[in-house]
Amino acid sequence: MRTLWRRFKGWFFRQLMRVAMVSIMAVLLFIVITIVIRGVSSLSLDMITQTPKGGYYFGREGGILNAIAGSFYLAAGASLLAFVLSLPVAFYLNVYSRSKRNVRSVRSALDVMWGVPSIIFGAFGFLVMMALGMKVSLLAGIITVTLLITPIMVRAMDEVMRTVPRDLYEAGFSLGATRWEFSVRVLLRKVYPGIITAFLLGFGRAIGDAASVMFTAGFTDHIPNSLLEPAATLPLAIFYQLSSPIPEVRERAYAAAIVLTVIILIISLASRLLGGRLSKHSTTD
Amino acid sequence: MRNRWLVLRVAVDHLAAGVSRLFTLSVLLVLVLIILGLLYKSIPILTSQSILDLLFSSVWKPMKGQFGFFPFIVSTIYVTVIAITISVPFCILASLYLTEYAPRRWTKRIVPFIDLLAGLPSVIYGIWGVIAIVPFVRDILAPAFGYETSGYCILTGGIVLAVMVIPVLMNIMIEVLRTVPIELKEATLSLGATKWETTSRVVLRKALPGVLAAVVLAFFRAFGETIAVLMVVGNTVMIPKSLFDPGYPLPALIANNYGEMMSIPKYDSALLFSALLLFVMIVGFNWLARFVLKRTERYIV
């Protein structure tokens, strides 16, 4: 009798787990399908090659090129800037610092920054802009998003660098390499797939974040011609245009959603292909 | 000649050391500046109203200079708690299934898909919420319980957030469950325990600290989430009495009003105080969670 009960429990929970698994997958698929179905019907060549005509909130004509271009400028600028900032910090954590305590506190500070919601970065960015007398602009957006993604990039680079065995450091230094030479010629070569993944992670976060660019990069109908002009972004194109009472404007929001999803999909695939491939200098595996 | 070359190499090394130290310091400085900036801007509101009044009053009349954050704090907590309550049980069961029961090739196919969804921007979850969940709550769920709602309510916000944190939760949980050594399972099985008894009493227990860590992380993600919630939660200043009432979480408050409130200096200060509040809550809970995790880890191992 007791055995029967135990068997029943096993069977019951197994079914329960299956149900949980299937429903999670169903919901996640449902999201992708919803976005694709709504997006495909509103996608057209005009949609991705024209800027909105007659104002993004009221104009019925035109597309979302302003947001596509703006998002690319912003994400490219921010992730390049963050990359330049992050790599030395990752080197500091793994090669240069002699104090274990420092390393530990820097890491936990970076983790705290990772957890800070992007709206706080947005508010802080706006605060600094006001203090400096800057206006809403592509540059302000780039700087704010850089602050947002730098902790993410550093920690992602740091995680892969940590996996490099200590022996390799000792081998490098015993051959007379300076710390800089070791960092660039040995460590960086060894972990470069991970570095690419870290970069793409930051880029993906930069292109998808709405709350940090809301007050800093602003929104506009035009493609920015300089760093000091405001820039439209895809997430905000979705957010602003979805609440419009005009159906044609809402179509632009759906189109922006599918474009953004496809970009994220490409980034995800790219990081899998580039980052997953083992470098020829890798000795493990 | 050789000597000069060496001097150059060492000089480059020292320069790089200096730069890397400088960059590290400046990244840390940003964190300090955020705290100081928010604190400095909050001073006007903190000196004009007592902190207890700010936190626990529900009178929100910016034009009259009365700022009570209670409705916003309550909304934030409601939405987050709903999200965690829905997503955690599903995620634990599904990750156990994937790591302990399902064939390996399943796991191999599902994990990249979950990775992809973890990278999906929150605004995408928001638009999905508007297209799918808002009508579902309005037309099916609320009438079933005898309520009337526009669909833009606390529950919708909670559901959208729950779905948003699922990929984050699953990712970490699968990672953690995989680290449970197989010897442990074999030992239990050989003592006559059933598969489920092994899974629930050994695997899950061993992985508990990691699972808790995942829950804490998901909690923070949900707590500070702005856009996805803002799009579906209704944004009405009130203390929600039921799941079908609209709410107004703190991040949504900042997003909706910041930038255009410069004409009323106290309003500006109040909004930055709410940003500070959000920051303190997240960092405070984070430290608390780490402390608790350390204790439980010691207890289990």
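**Reading fold and burial in a predicted model**

Tutor: Chain B of this predicted model contains 12 helices and 2 strands.

Student: Which pattern does chain B follow along the sequence?

Tutor: The order is α-α-β-β-α-α-α-α-α-α-α-α-α-α. The radius of gyration of chain B is 24 Å, well over the 19 Å that the globule rule gives for 301 residues, so chain B is more spread out than a compact globule. Along the principal axes, its C-alpha atoms fill a box of roughly 80 × 70 × 35 Å.

Student: What share of the residues of chain B count as buried, and what share of its contacts with a separation of 6 or more involves residues 24 or more positions apart?

Tutor: Buried residues make up 42% of the 301 in chain B. Residues 24 or more positions apart supply 75% of those contacts.

Student: Beyond four places in sequence, with which residues is G208(A) in contact?

Tutor: Its partners are P235(A), L260(A) and I264(A), together with P121(B) from chain B. P235(A) is one of the buried residues of α9(A). Another residue of that helix, L236(A), has its C-alpha atom 9.4 Å from that of G208(A), at 28 residues along the chain.

Student: Why is helix α9 of chain A described as largely enclosed?

Tutor: The description holds because 9 of the 9 residues of helix α9 (residues 234-242) are buried.

How values were computed: Residues numbered from 1 in each chain as written. Chains lettered and ligands numbered in written order. Predicted model: local features only at pLDDT ≥ 70, side-chain atom pairs only at ≥ 80, totals over all residues. Buried ≥ 20, exposed ≤ 12 C-beta atoms within 10 Å, placed from the backbone. Helix = DSSP H or I, 4+ residues; strand = E, 2+ residues; numbered from the N terminus. Rg over C-alpha atoms; globule rule 2.2 N^0.38 Å. Contact = placed C-beta atoms within 7 Å.
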